[in-house]
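Dear colleague,

I am passing on the structure below, and I would be glad if you could look through it with the notes that follow.

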Amino acid sequence: MKGRIIDQYDYSLSFAQVIGQNFKGQSQTDSLGNFEIAVPDSLQIVRLKIFHLNTNAEEYALPLSDWKGHQLIRLFLSGKKLEEVEISGDRWDDTRRQAGVVTIEPEQTVNMPTVGGEFNQVIALLPGVSSNSELSSSYSVRGGSFDENLVYVNNMPIYRPFLAAQGQQEGLSFVNGDMVSGVTFSAGGWQSRYGDKMASVLNIDYRHPDRTGGSAEVGLLGGSLFLEQKVNERGGWMIGARHKRTDYLLGTLETEGEYKPRFTDVQAFGHYRLSKDLADQNRYTELELLFGYGRNQYSVIPTSRRTEFGTLSQLLSFTVAFQGQEELNYQTMQAGLRLIRKWNTQWKSEFIASGFGTAEREHINVQSNYRLCDIVGGGGPNDCATIIGIGGEFHYARNALDAEILSLQSHHEVQIDEKRRLSFGLEWNGQAFDDRLKEYKIVEDGGEELEVIDQADEHHQIFKYWLSGYGQYDWEPLSGWSLTAGLRAIYNQQSGEVLFNPRLQTAYQLPSNPDWVLRAAVGKYDQPAFYREMRRQDGTLNEDLLAQKSWHFLAGFDRMFQMWDRPFKLVSELWYKRMSDMVPYDVDNVRLRYYGENVADAYAAGADLFLSGEFIPGTQSWVSLGVMKTEEYIPEYGWQPRPTDQRFRLGLYFQDHLPNIPSARVFVRYFYGSGLPFSPPGSLEGRNSLTGKAYNRVDLGFFKVFELNSGLEKYKNPLNLWLGLELLNAFGIDNVISYNWVNATGGGQYAIPNSLSARFWNMKIKVNF
């Protein structure tokens with residue numbers, strides 16, 4: 001039987017000891033509060049005793065006939081500390097076998113202070129991950145691009161829009177934190193059962209509703225509504241709606257104007273057990289349905305901008321006056337159907353059909369005139385002493401993209417015996433794109449003649465597909481030692497390639513100290529060209545583009561330990577990636593501009609460290625640290641840094657509460673990333689030659705929970721009121737997302753930094769019911 005243990009604030013309780021009272025059985029909860037315990041079928045009532053360091057010992061009793069699925073058990077935090085209870089038995093956690101994998105508790109991160117409650121900002125604090133914009137849901141992993149990350153929800157693939165050029169245009173990422181039950185993330189070396197990209201796998205589990213309730217939240221940056229219902233023992237449903245508006249926040253940007261961002265999405269998830277015999281866990285059929293609709297509207301009428309930068313000896317002022325308007329609208333729809341069939345005690349199958357559709361429109365009609373001045377020696381703080389450069393630009397765009405992606409998958413798992421398992425599957429992925437690109441810029445520098453640049457007038461219609469299959473064999477030849485060997489094969493219809501990707505993982509749990517697990521992996525990861533990689537910077541299309549290819553090598557350890565009488569976990573890895581047939585690209589804010597040719601080889605190498613645990617009793621916090629170097633080789637220009645060459649990164653998430661008032665909580669989110677390389681336009685020789693400023697940001701959150709039904713029956717749904725105050729970018733650090741390049745009248749170029757949001761106060765009110 002399976003269960004999950006949480007506290008009165010809906011936080012998971014890890015390392016809780018579960019002991020049978022009227023039968024011989026024992027278990028321990030994992031990092032998500034989940035446990036599994038064997039119970040004799042002859043029992044009428046299941047009696048458990050549960051121990052945790054931060055709760056009183058509890059006894060729990062429930063008729064066996066009422067124990068359905070994943071039973072939820074709620075314990076109440078207390079100030080009393082219990083002596084540790086020693087439990088013997090197998091402590092093996094399957095995720096510890098997988099190299100490069102970390103798990104996080106979504107309940108512990110739901111109140112992390114982020115812009116608009118963005119779930120992907122949680123991912124940005126994991127080992128190997130970098131995200132240098134609080135306005136964006138994009139992230140890079142171990143030197144990979146934004147487009148090299150796999151995302152699944154309940155094994156159904158998830159996609160993001162294509163045209164967003166700036167972080168403030170992106171809106172909401174797909175993942176709704178209210179619906180999540182578990183998060184598994186791999187930064188490299190993942191198993192063959194996952195798909196065909198080069199950087200990472202994010203696997204999100206949406207939970208099966210086990211109650212009737214919900215939550216509602218409202219704040220200065222938007223709000224959300226979440227409802228769930230357990231219809232009966234067979235199934236239930238969840239629906240979540242989110243609305244985000246960041247005009248208050250965008251008002252802190254350097255470019256002044258009228259911002260009108262509106263981002264809305266609605267998601268629904270349901271499951272239903274088709275089998276009539278609910279007690280039979282060895283033979284059943286279950287159906288899951290996922291649906292999501294998002295509508296993002298971004299409009300800005302810029303008026304002016306003033307940026308000061310430079311040194312004490314040369315302090316420069318960049319002033320711009322604007323006319324015109326920029327509008328971006330896109331609508332996305334995703335749906336997935338997953339059929340799970342357990343044939344018998346050994347064989348389990350799942351069949352998945354999922355689709356993604358997007359309609360994106362980009363309209364720009366903006367004229368700007370700028371002046372670049374040296375203000376040292378001027379008559380006043382804003383006076384221009386020397387004019388260094390003047391000019392103007394007119395940017396016109398009428399771009400439209402429509403895309404449909406369909407995926408059909410079949411996965412099978414055969415448990416041969418206790419030590420051997422065989423997995424295999426097939427996937428067909430079809431993509432249809434209709435892209436109408438009409439865009440140009442007219443620039444003038446220092447009174448010189450007008451020049452038309454970035455001109456494109458193209459219309460592309462393309463349909464392509466690839467077929468992939470995999471086989472994977474899991475084996476435990478000796479107690480504590482596991483091997484996972486797999487082969488993935490891909491047929492890419494667009495390029496005609498047939499690719500074979502072998503992958504191998506091994507893990508060894510030390511017999512003398514089961515808290516230590518040593519892990520290693522090697523594998524080949526090929527990424528068939530997606531539409532965006534095929535489109536060159538001038539808008540033309542390279543339909544013969546080959547797949548980008550990479551080899552992953554990594555080794556590390558996973559250690560669980562007690563510190564201050566509380567549980568902790570340390571994960572460390574050394575890794576190296578060798579890449580070929582790479583397609584170079586430039587990063588313009590959050591848009592990737594590909595060169596559309598397989599002309600580069602590349603590598604990335606580094607080390608990651610991840611420490612998580614209860615730094616404060618009853619809370620989960622973590623720190624991640626990474627060092628990295630990545631370069632690419634273009635024959636005509638030699639080795640150059642890749643756009644994601646961030647040498648050092650540090651992520652921290654910390655929770656605290658008052659010792660005698662656990663309902664009052666403080667949350668700290670901190671990210672530091674060293675400067676990324678940037679390129680002057682139109683120069684492959686000087687590509688990525690400028691190292692930008694480091695990204696350094698602290699977000700603080702303060703929450704107080706009020707229990708509104710504390711006198712009601714113990715295991716009923718809590719009715720809680722959360723009052724929150726967030727201080728975003730608490731130290732007001734001027735972070736930079738990109739650079740504008742301006743020609744000086746005497747020759748040369750100046751890089752004008754484009755800054756992100758300033759310090760901002762946000763208030764939240766949330767009700768859980």
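The protein as a whole averages a pLDDT of 85, with 91% of the residues scoring at least 70.

This is a predicted model, in which local features need pLDDT of at least 70 and side-chain atom pairs count only at pLDDT 80 or more, while totals for chains, interfaces and linings use all residues. Residues are numbered from 1 along each chain as its sequence is written, and side-chain values use heavy atoms, with hydrogens and water left out.

Helices (H or I, at least four residues) and strands (E, at least two) are DSSP runs, numbered from the N terminus. Confidence is lowest in helix H1 (residues 106–109), at a mean of 73, and highest in strand E32 (residues 600–613), at 95.

E8 pairs with strand E13 (residues 180–186) in the antiparallel sense over four bridges, and Thr 103 stands opposite Thr 184 in E13.

Turning to charges, the count comes to 40 salt bridges, each being a side-chain nitrogen of Lys or Arg within 4 Å of a carboxyl oxygen of Asp or Glu. Among them, Arg 488 and Glu 427 meet at 3.7 Å, N to O; this pair links distant parts of the chain, with Arg 488 in strand E25 (residues 481–492) and Glu 427 in strand E23 (residues 420–445), 61 residues apart. Both Arg 488 and Glu 427 are buried, on a scale where buried means under 20% relative accessible area, exposed over 50% and partly exposed in between (1.4 Å probe, protein chains only). Another salt bridge joins the side chains of Lys 549 and Glu 497 at 3.1 Å, N to O. Lys 549 lies in strand E28 (residues 548–563) and Glu 497 in strand E26 (residues 497–509), so this pair ties together parts that are 52 residues apart in sequence. Lys 549 is buried at a relative accessible area of 14%, and Glu 497 is buried at 10%.

As for the aromatic residues, there are 31 aromatic pairs, which are rings of Phe, Tyr and Trp (its six-membered ring) with centres within 6.5 Å, counted as stacked if the planes are under 30 degrees apart, as edge-to-face if over 60 and as tilted for the rest. Tyr 206 and Phe 269 form an edge-to-face pair, 6.0 Å centre to centre with 90° between the planes, and they link strand E14 (residues 200–206) with strand E18 (residues 255–273), 63 residues apart. Tyr 206 is buried, with a relative accessible area of 2%, and Phe 269 likewise counts as buried at 2%.

With best regards

Notes
Two strands pair if DSSP finds at least two bridges between them. pLDDT is the predictor's confidence in each residue, from 0 to 100.
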